[in-house]
Amino acid sequence: KIYRDQAWFEKGKKQVAHYSKSLSIDECIYLVFVPAVYKKLGMKDEVLDIEGIIVRSYVIFYDESKNF
């Protein structure tokens, strides 16, 4: 996903956990591309347990002026 705001970032973690649970997968990866201007928010990689599903969340910072 591409980061839009903190609320969507948090919602996305729950979405990927729910989707994984529906497929009977007990671990998943949530990969989020974040514009570098948001580095000051202190976002970082983390491992969470959401409803019994292990969610590995990875934050990839990128320079918007260079795009992808």
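Okay, Ser20: leaving aside its neighbours within four places in sequence, this residue is in contact with Ile25, Cys28 and Ile53, where contact means heavy atoms within 4.5 Å. This is a predicted model, so a word on the ground rules: local features need pLDDT of at least 70, side-chain atom pairs count only at pLDDT 80 or more, and totals for chains, interfaces and linings use all residues. Numbering starts from 1 along each chain as its sequence is written, and side-chain values use heavy atoms, with hydrogens and water left out.

Back to Ser20, which lies in helix α1. Helices here are DSSP runs of H or I with at least four residues, strands are runs of E with at least two, and both are numbered from the N terminus. Is Ser20 buried or exposed? Ser20 is buried, at a relative accessible area of 5%. For the cut-offs, buried means under 20% relative accessible area, exposed means over 50%, and partly exposed is in between, with a 1.4 Å probe and protein chains only. The Ser20 side chain also reaches the backbone oxygen of Val16, at 2.9 Å. And if you look over to Val55, 35 residues away along the chain, the C-alpha atoms of Ser20 and Val55 are separated by 9.3 Å.

So what does the helix sit against? Helix α1, residues 6-22, lies across β1, β2 and β3, and runs at about 155° to β1. Axes are lines fitted to C-alpha atoms, for helices over the stretch in contact, and angles run from 0 to 180 degrees between N-to-C directions.

Now the sheet. In what order do the three strands come? The order is β1-β3-β2, in an open sheet with mixed pairing. The edge strands are β1 (27-35) and β2 (46-50), each of which pairs on one side only. On average, neighbouring strands of this sheet are turned by 30° against each other, direction ignored. Two strands count as paired if DSSP finds at least two bridges between them.

Let's take the two pairings in turn. β1 pairs with β3, residues 53-62, in the parallel sense, and there are nine bridges. Within that pairing you can find Phe33 opposite Ile60 in β3.

Ser57 deserves a click, by the way. Ser57 is found in strand β3, and Ser57 is buried, with a relative accessible area of 0%. Which residues is Ser57 in contact with, leaving aside its neighbours within four places in sequence? Those are Phe9, Lys13, Tyr30, Asp45 and Glu46.

Moving on to the loops. β2 and β3 form a hairpin with two residues between them, and Glu51 in the turn has a positive phi of about 55°. Glu51 is not a glycine, and Glu51 is exposed, with a relative accessible area of 56%. There's another one of these in the loop between α1 and β1, namely Ser24. Ser24 has a positive phi of about 60° although it is not a glycine, and Ser24 counts as exposed at 70% relative accessibility.

Then there's Lys40, in the loop between β1 and β2. Lys40 counts as exposed, at 74% relative accessibility.

Last, the whole chain. There's one helix and there are three strands, and along the sequence they follow the pattern α-β-β-β. The C-alpha atoms fill a box of roughly 40 × 20 × 15 Å, taken along the principal axes. Of the 68 residues, 28% count as buried. Among contacts between residues at least 6 apart in sequence, 68% join residues at least 24 apart. Finally, the accessible surface comes to about 4,900 Å², and 55% of that belongs to carbon and sulfur atoms. Those areas come from the Shrake-Rupley method with a 1.4 Å probe, and for residues only the protein chains shown count as cover.

Technical notes:
Polar contact = N/O pair within 3.5 Å; in protein donor to acceptor, adjacent residues only side chain to side chain.
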